[in-house]
Every structure is written in C-alpha cells, then in structure tokens.
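This report covers a sheet and the core packed with it. Please have the sequence and model open while reading.

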Amino acid sequence: MPAITFITDKEQKFDVAEGITILDAAEQHDIPLPHLCGGAGACGTCHVYVRSGMENLSEMTDEEADRLDDAEDVRTNSRLGCFCAIHGDVVVEVVHPE
Ligand code: FES
C-alpha cells in the first residue's frame with residue numbers, strides 16, 4: 001500500500017489505496033489542498049511540489065501540462081493533485097494551503 005506525506009505547516013503521512021489521486025487522498029484526510037474546480041482539471045489550484053516519489057505518480061498528461069501553465073510559482077517538480085494517481089510512496093508539499 002502506498003504512503004503519501006503531505007507537507008503544509010506540518011508533515012502528515014498516510015497509507016492510501018493504490019491508484020488514488022493526490023487530491024482524493026488529501027480530501028480523505030482533511031488536508032487543506034485547494035480544488036476550486038472540484039477536481040475536474042480546470043483550475044490549477046491543486047498545485048503541489050513533489051519532494052520525492054515523482055516516479056511513483058502517473059505520467060503527466062498534455063491536459064495537466066496545459067493546466068499547470070496557468071498555475072503560479074511553477075517549478076520542475078510541480079504537479080496538479082487531481083491528475084496524479086499514486087502508485088508508490090510520495091512526499092508532496094501543498095503550494096497554497098487553504
Ligand atoms: S482541482 Fe482544479 S485542476 Fe485540480
């Protein structure tokens with residue numbers, strides 16, 4: 001079972017179901033990851049920085065890359081939480097906690 005660590009103003013680690021998205025994992029555990037479009041891939045607010053485990057996330061799609069272009073403070077390790085399925089351990093920093 002994969003584990004995800006969320007970094008906000010604190011660090012919290014949870015075991016999650018294989019294939020769940022970062023956004024769904026955040027919602028299950030009351031992590032303040034914004035999602036203005038409700039996870040429809042339309043807003044870019046579910047922005048995270050992947051500190052480790054990028055290889056354990058689903059590949060970035062063209063749609064995610066396009067949406068990420070609209071996000072602020074994009075870095076090479078930026079991903080959008082509603083696009084990323086978790087397949088192994090990962091550590092993510094929430095860019096703009098709610
Ligand atoms: S929640 Fe809107 S793009 Fe992810």
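## Strand 1 and its partners

Strands here are DSSP E runs of at least two residues, helices are H or I runs of at least four, and both are numbered from the N terminus. Strand 1 (residues 3-7) pairs antiparallel with strand 2 over five bridges. Two strands count as paired if DSSP finds at least two bridges between them. Three residues separate strand 1 and strand 2, which form a hairpin. Ile7 has Glu11 as its bridge partner in strand 2.

Strand 5 runs parallel to strand 1, joined by four bridges. There, Ile7 stands opposite Glu93.

## Basis of the model

The model is predicted; local features need pLDDT of at least 70, side-chain atom pairs count only at pLDDT 80 or more, and totals for chains, interfaces and linings use all residues. Numbering starts from 1 along each chain as its sequence is written.

Five strands make an open sheet in the order 2-1-5-3-4, with mixed pairing. Strand 2 (11-15) and strand 4 (78-80) are the edges, each pairing on one side only.

## The core

The largest nonpolar core has 21 residues; Ile4, Ile22, Ala26, Ile86 and Val92 touch the most other members. Such a core is a set of buried Ala, Val, Leu, Ile, Met, Phe, Trp, Tyr and Cys residues joined through C-beta atoms within 7 Å. Buried means 20 or more other C-beta atoms within 10 Å of the residue's own, with C-beta atoms placed from the backbone. Helix 1 gives the largest share, four residues.

Note on methods:
A residue is buried if 20 or more other C-beta atoms lie within 10 Å of its own, exposed if 12 or fewer, and partly exposed in between; C-beta atoms are placed from the backbone.
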